[in-house]
Structure formats: C-alpha cells, structure tokens
Amino acid sequence: MGLQYAAKRNLDLGPGNHNSVSNLSPYIRRRLITEAEVVKAALEGHGLEGAEKFVQEVFWRSYFKGWLERRPDVWRSYCNGVQTDLDKIQADPDQNARLKRAEVGETGIACFDAWISELTQTGYLHNHARMWFASVWIFTLKLPWRIGADFFYRHLLDGDPASNTLGWRWVAGLHTRGKAYEAKVWNIAKYTGERFTPFQSDIASDIQPLDRSEPEGLPALQPLRRPTGPEENLPTALLITEEDCSLETFQPRTLNICSTGIVLASHLRSPRPVADHIKAFEAGALADVSNRLKINPCQINMRDPTALAVWAKEAGAQQIVTAYVPEGPTRDWLREAETALHDAKIPLCEWRRDWDAEVWPHATAGFFKVKQKIPSILSSLEIC
C-alpha cells in the first residue's frame, strides 16, 4: 500500500505475479472490507505521503460510484445500448465473427488474446491491462464499447456497475469527452516487462474519441438520492445484497428483525451468461455475511418483482431495511419491486455509509475535484 505500490502498480507481469497491487478489489467491491478500513490500514502503515497513490486509487472507485449516482441516465443508456449493440452485431455476419474471435482470444494479437485467457480463467485483469484491452477492443478491433464493457462485467470478480461502465467510457473518450485512451506499443512492452512486444501494425494509433456518437453530451447532474432511514422498534425485514457485506457495522440493537433475506443478483449483470466464478464468489460473500450475523436467511426470488413485498408481508414486517444500493442491476430490480412494496405499505429503508456521504457530493465532474478533497474527507471521517 506504500512506496512499492506507487512505484510498481502499473506493472502487469502476468497471472501469479501481481505482487505490487493489493488484490483486494473483489472484497472492497462488495464491502467485505470497506474503503475506510483499507485506507486506515494504508495510512497507519505508510502515512499519508507514503500511501498517497494507493489512497487515491481507492477514492477513484468511490468517485465513479458518486458520479453515476449523479448521472443515473448514463447507466440506463448503457443497459439499453448493450442489447441494441448485440442485436446489431448479430445481424452483421462479419462483425459477429470478429466478436466471437475476440471473446475466445483468437485475434492474433498476442497480448490481447492472453488477457482474454487470464480474464476468463481467473476473473481478474490488472488495471493497466484493462485500459489496454478496452482501447484495443474499441479502436483496433472496432467492436462496440458496450459489448466490451459487458464482457468485462460478465467475467470480472470485482465487476462494479460504476467503475466498469465509466472506465470503458473513459477509454472511449465519452467520460472525459474528446480524450480517448490510446494503447501504445511501447507502453505495453515496458509495463509487461516485455512479455509482449506487439508490432506497431497490431495496435491502432491516431485514434479518434467516440464522443460524436453521443452528440447530446453528458446528462445534467441530478441531486443525490436521499434514502429513507429505518424506524426503530418496528418489525423489520433485513435485506442483504452483495452491494454491502458488512452489515454488522450498521445494524442497531433497537431494530426488531423478524426475517432476513438475501438476493443473488449476478445473473442480472447482463443479457448474456455470467461467469460461474462470479456467481460462486457472490454466493460465498453472502454466506459469509450470514455466518457472521448468525442467521439463516431466505433467498428472495429475483425473477418476480413482487417477491420482495410478499416475503416481508408474510414475515409480518412493517419495513425493509438494507444497506444503500447504488445504481446498477440490483437498484433496477428494486425499482421494479417498488409498486408491490407501495401497495403493501412496506417502505424500503436504506443505510448510507458516511464514506459515501462525504465523497459523492464532490463527484460532479473529473476526479481532480475529489482528489483535492481527500485530506478534508479523511479528517471529517476521523481516519487521519
């Protein structure tokens, strides 16, 4: 988390050799360990100066989440666009064949094909390789960026709706509009320790951002959604999702928990099959929460939007309480359940972490605004 991370974090030395990064991202993504805990450990071990780069990278994840909370239409546009792109590509035999070759790692570009293999087999890809991969996918292979983002989301153990969607948009030149990320031959050779030395003809250069594909620009900023907090002593159904697996830091003793439920949402990530290792990791994370809370939760049927209300009503609950669910597939499912919850007069109440409340208001434009606020945010949270 200290100077070694700052000096070597960009090196991608291949599977089994990712020794200069934390490998904590699948756990932070589900808050099996929280951002505050990780940053606190980094600061205690290295101080603010020594841990600066690591701390900034943790804040990037929170910045992306806050940015998408302020522009939820970007998530909806991505979801609709994935299906549209899939329909178009299936109607184009040539492009469909190129997509299939890319997804099984048969492009003939050695580095790209190796990244496909590592990603599909391990559920992980080094952050630098993710940027190269996305750039090659978009600008060299000329495949739709949303299908590439969907491919990542279906295979990455740390796949996060905000970081994944906005990371791909950043590479494409849609997030920081007009500034796309170009994978360079020399950069790949240097930071892979010359495991890969692609020919200049392998990788597109002089790329053009895709911002013209969205001529309307970015949607206007929306106010942050204000969650309804739970009422004490009411019969309560506790809902556990993979969005936050540290519920013991929330649950007050005054809540009268009459039933606990979990939702397994991996299948909602994509209209295409989601990797088995993602489903297994999510199930393991939720089992871990259940073990820590010493509960035996019900599994809610996510294929029925009325199931949430039925479960709570049958349990005699007068409210459902869960950790805050940000923009993404689980949030979309909860929106579908709102009508049945309203008819049953059962409010959905959420806890939002202080970390998010401190970071998200600053996630209005680029990361720099959040970066400037890191010292004051840490001070406000009493982490340093």
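Predicted model: local features only at pLDDT ≥ 70, side-chain atom pairs only at ≥ 80, totals over all residues.
From α4 come Arg61, Phe64, Lys65, Trp67 and Leu68. From α10 come Pro161, Ala162, Ser163, Leu166 and Gly167. By type, the contact divides into six nonpolar, two polar and two charged residues.

How do the two helices sit relative to each other? Two packed helices are described by the angle between their axes and the distance between the axes. Here α4 spans residues 52-70 and α10 spans residues 161-172. Their axes come within 8 Å and cross at roughly 85°. Angles of 65 to 115 degrees count as roughly perpendicular, so α4 is roughly perpendicular to α10.

Now turn to the sheet. Five strands form an open sheet, and the pairing is parallel. The order is β3-β2-β1-β4-β5. The edge strands are β3 and β5, each pairing on one side only. Helix α13, residues 307-314, lies across β1, β2, β3 and β4. Its direction is at about 140° to β1.

Strand β4 (residues 319-323) pairs with β5 in the parallel sense over four bridges. Valine 321 has cysteine 349 in β5 as its bridge partner. Threonine 322 stands opposite glutamate 350 in β5. The two strands also belong to a right-handed β-α-β unit, with helix α14 (residues 329-343) as the helix.

Which way do the side chains of β5 point? In a regular strand the side chains alternate between the two faces of the sheet. In β5 (residues 348-351), Leu348 and Glu350 point one way, while Cys349 and Trp351 point the other way. All of these residues are buried. Glu350, the residue opposite threonine 322, is thus among the buried ones because its relative accessible area is under 20%.

Serine 259 is 39 residues away in sequence, yet the C-alpha to C-alpha distance is 8.0 Å.

Conventions. Residues numbered from 1 in each chain as written. Heavy atoms only, no water. Axes fitted to C-alpha atoms, helices over the stretch in contact; angles between N-to-C directions. Parallel < 35°, antiparallel > 145°, perpendicular 65-115°, else oblique. Contact = heavy atoms within 4.5 Å. Nonpolar A, V, L, I, M, F, W, Y, C, P; charged D, E, K, R; others polar. Buried < 20%, exposed > 50% of the residue type's maximum accessible area, 1.4 Å probe, protein only. Pairing = 2+ DSSP bridges. Right-handed = clockwise from strand over helix to strand, strands pointing away.
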